[in-house]
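Let us take a walk through a protein model together. Please have the sequence and the 3D view open as you read.

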Amino acid sequence: MGRAIALCGRSGRIVSFLSAVHCLSGCTPQPAAERRMSDQGKSSVSTLAGAPAPGSDTYKGWLFKWTNYLKGYQRRWFVLSNGLLSYYRTQAEMAHTCRGTINLATAHIDTEDACNIVLSSGGRTYHLKASTEVERQRWVTALELAKAKAIRMMNDQSDDSGDEEPTTQSDRSEGIQGTLKTLISKLDDLSTCNDLIAKHGAALQRSLSELEALRVPVEGGEKIKGVNERATLFRITSNAMINACRDFLDLAETHSRRWQRALQYEREQRIHLEETIEQLAKQHNSLERAWREAPTLSANTPSSPTTKKGGSERPQKGEASDEDEDTEYFDAMEDSPAFITVTATENTQHRCSQSNLYGASGGHTNDWNQDNVSPSCKDSGKELQPLRKRRSHIPDKPNYSLNLWSIMKNCIGKELSKIPMPVNFNEPLSMLQRLTEDLEYHELLDKAARCESSLEQLCLVAAFSVSSYSTTVHRTAKPFNPLLGETYELDRLDDLGYRSLCEQVSHHPPAAAHHVISQRGWTLWQQITISSKFRGKYLSIMPLGAIHLQFHSSENHYVWRKVISTVHNIIVGKLWIDQSGDIEIVNHRTKETCQLKFSPYSYFSRDVPRKVTGVVSDSGGQAHYILSGTWDDKIESSKIVQSSKGGSGSEGKQKTVYQTLSPKLLWKKYPLPDNAENMYFFSSLALTLNEPEDGVGLTDSRLRPDQRLMEAGRWDEANSEKQRLEEKQRAVRRRREAEATDALDNGREYEGFQPQWFHKRKNAITGETTFVYKGGYWEAKDSQDWSTCSEIF
């Protein structure tokens with residue numbers, strides 16, 4: 001903007017020439033008052049030369065104001081400041097006498113000719129005239145900027161009066177708000193200048209076009225031609241500046257909105273924090289009252305020390321407590337989604353916390369193996385030593401950018417079912433290998449197999465069911481869809497004591513069967529069918545099917561199902577995964593149950609993210625253990641020693657208060673390997689799943705070429721190989737469909753595809769018909785007889 005104004009100033013000779021030509025073409029004789037004004041205008045130009053630029057907050061200078069028909073235009077000193085235009089007879093009058101003021105916020109600005117300015121506001125009108133057109137343009141620019149600023153100030157004042165900020169707002173918020181207002185003010189100034197340049201540039205171009213149409217002498221024509229060239233240069237420069245200003249305006253407005261949202265977010269967080277503190281204070285008071293009203297445990301709990309007066313009195317605040325320091329209280333799970341503990345510390349000051357049992361007893365969390373577990377349930381150490389060193393790293397993930405346009409080009413003219421998805425969305429593991437990852441914490445089942453107490457065993461089984469989700473917190477990439485008949489084996493009999501086999505038994509809908517047998521006393525099998533629904537902003541993945549676990553010695557048979565996995569920010573933003581829903585684990589021999597609740601993430605929730613809570617109950621419904629933790633970190637268990645009725649909850653229901661011993665650690669997530677962020681966030685077990693191994697079946701996922709190429713970082717070749725495999729699978733499906741049609745036409749039965757190692761059987765417990773292992777795989781591996789396997793790769 002400054003360069004444009006300077007250009008106008010340097011072109012004073014051009015403007016004077018244009019004014020002269022304009023007057024020659026059609027000016028009327030000036031009255032005497034106007035001739036006096038012209039004589040006095042010379043000094044006004046020199047005065048304005050030192051005036052501030054029109055973009056500044058204050059603008060001063062001489063203008064001629066119409067008084068009446070006798071005196072005509074009189075020279076007056078005008079001062080433009082804070083949206084007000086005031087005038088004085090002389091500069092000396094500024095200290096004591098103001099002749100008049102007009103508010104630009106409600107004023108209308110008009111230009112009659114090259115030098116006149118008309119200001120009208122309500123019933124007051126000022127007819128002003130500048131000595132030159134350049135001077136008039138400077139004043140018009142300053143007036144329009146001041147008017148825009150005055151309107152903004154008036155709007156801001158009305159907004160502030162209607163919605164005052166609380167006096168407790170932090171200095172930081174006020175500083176940000178002030179910065180935003182200043183930035184918006186300057187941006188509006190720039191926008192106004194932009195409009196003025198465009199308007200005046202168009203007027204200049206029209207004037208030049210009119211001059212070219214006039215018949216003037218040859219010398220005048222040459223001068224007009226030079227003026228036209230300079231005006232063209234001015235127009236080009238102005239257009240470039242206008243475009244730059246427009247880009248800056250767009251960028252600044254974007255950042256301004258972002259800062260406004262950030263400021264609003266900080267305000268909401270402060271309010272949210274204040275409400276949380278207030279709620280905690282209320283819960284603290286209610287818990288203290290519940291603790292005082294609860295019946296004493298001195299007569300019922302042998303480990304509770306008695307008071308000096310026989311244990312019949314409650315300790316007052318400041319006295320020694322007669323409660324066990326390891327004792328805690330929990331709300332019943334069915335009445336409240338969060339557990340609340342009251343912990344007795346050394347000085348008996350009771351505090352409340354929304355707890356996941358992370359050290360809630362005031363001391364360190366003890367391992368499950370140390371206390372309150374049957375001796376046979378304790379870990380006896382590793383009985384088998386690993387015979388083979390497994391790999392601990394894979395090639396780093398390439399930093400390839402995803403070209404969505406190239407994907408869209410490949411989709412043009414193709415059926416939806418034939419559109420190949422690039423491996424950029426995948427990780428170098430198949431769904432069968434991801435299913436096998438559930439065994440990462442198999443030690444929990446080894447430990448549970450040695451437990452004599454079925455309730456303690458159920459706690460460990462519940463921890464195992466939660467541990468299978470720990471690897472998903474960073475794993476947003478999609479596993480490869482297995483081909484029909486694809487298998488995956490994990491033979492860790494020598495070092496970990498189990499053998500695992502998976503097979504893709506159906507393609508539409510996709511279903512996989514899994515069977516694991518362990519030498520350490522347990523067998524696990526499941527059939528999982530994946531159902532997914534895209535809901536705009538997120539994708540819900542619903543695993544269908546039951547998981548069965550049976551212990552050999554006790555014949556305890558446990559059944560449970562998986563929760564819903566949700567992938568958020570599918571369209572825009574960073575992907576993240578959440579688990580939500582309920583799991584009911586049932587021991588069908590003893591009818592004992594465990595109810596687990598996976599709390600969905602909520603921005604407004606005060607709970608710890610990824611929270612899991614649970615209650616272990618016997619066949620009669622009496623609670624014996626409280627489980628709590630998070631599905632991405634650890635699970636702890638607390639034994640219930642007594643339950644009692646407490647105060648009413650938020651819904652008016654009477655809550656059950658559980659008194660428990662200190663929590664014992666059941667499961668803790670292993671730390672990720674070094675450099676895991678560059679290896680798809682694979683765990684130590686996941687790094688070994690695709691490791692090449694001799695003697696596996698011909699349909700094993702380790703032999704899948706596109707998956708192997710992706711792991712090696714050769715993604716372009718992997719995409720080509722993936723497309724080839726999918727087209728081969730479609731050809732096999734079309735051949736089967738043709739055979740089925742031919743058999744139907746000839747009246748013959750067509751068996752269709754049958755899995756190699758699994759067959760359908762009806763489960764006696766659930767009544768469902770699922771695929772279960774029929775045997776033969778490990779025998780075929782021992783003899784290396786894979787003649788019955790299909791060639792799917």
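The paragraphs below cover confidence, a helix, some salt bridges, a surface patch and a loop.

This is a predicted model, in which local features need a pLDDT of at least 70, side-chain atom pairs count only at pLDDT 80 or more, and totals for chains, interfaces and linings use all residues. Residues are numbered from 1 along each chain as its sequence is written, and side-chain values use heavy atoms, with hydrogens and water left out.

Let us begin with confidence. The predictor gives each residue a pLDDT, its confidence from 0 to 100. The average for the chain is 76, and 73% of the residues score at least 70. Across residues 296-376, pLDDT stays under 50, and the model has 207 contacts beyond four places in sequence for this stretch; a contact means heavy atoms within 4.5 Å. Residues 378-384 also stay under 50, with 13 contacts beyond four places in sequence.

Now find helix α10, residues 454-467. Helices (H or I, at least four residues) and strands (E, at least two) are DSSP runs, numbered from the N terminus. With 14 residues, α10 reaches 20 Å from its first C-alpha to its last, close to the 20 Å expected at 1.5 Å a residue; the expected span is 1.5 Å times one less than the number of residues. How many of the residues of α10 are buried? The count is 14 of 14, so this helix is mostly covered. Here, buried means under 20% relative accessible area, exposed means over 50%, and partly exposed lies in between (1.4 Å probe, protein chains only).

Next come the charged side chains. Side chains of opposite charge can pair when their charged atoms come close. A salt bridge is a side-chain nitrogen of Lys or Arg within 4 Å of a carboxyl oxygen of Asp or Glu, and the whole structure holds 35 of them. In one of these, R390 meets E693 at 3.7 Å, N to O. This pair links distant parts of the chain, 303 residues apart: R390 sits in the loop between β11 (366-367) and α7 (404-411), and E693 in the loop between α11 (684-689) and α12 (705-711). E693 counts as buried because its relative accessible area is 18%. Both residues belong to a network of salt bridges that also includes R388, E691, D700 and R702.

Another salt bridge joins D491 and K781 at 3.5 Å, N to O. D491 is buried at 18% relative accessible area, and K781 is buried at 13%.

An α-helix has 3.6 residues a turn, so residues three or four places apart point the same way. R733 is partly exposed at 33%, and E737 is partly exposed at 46%.

Finally, compare two loops. I571, in the loop between β21 (564-568) and β22 (576-587), is exposed because its relative accessible area is 63%. S599, in the loop between β23 (593-598) and β24 (611-617), is buried at 11%. Beyond its neighbours within four places in sequence, S599 is in contact with Q579 and K611.
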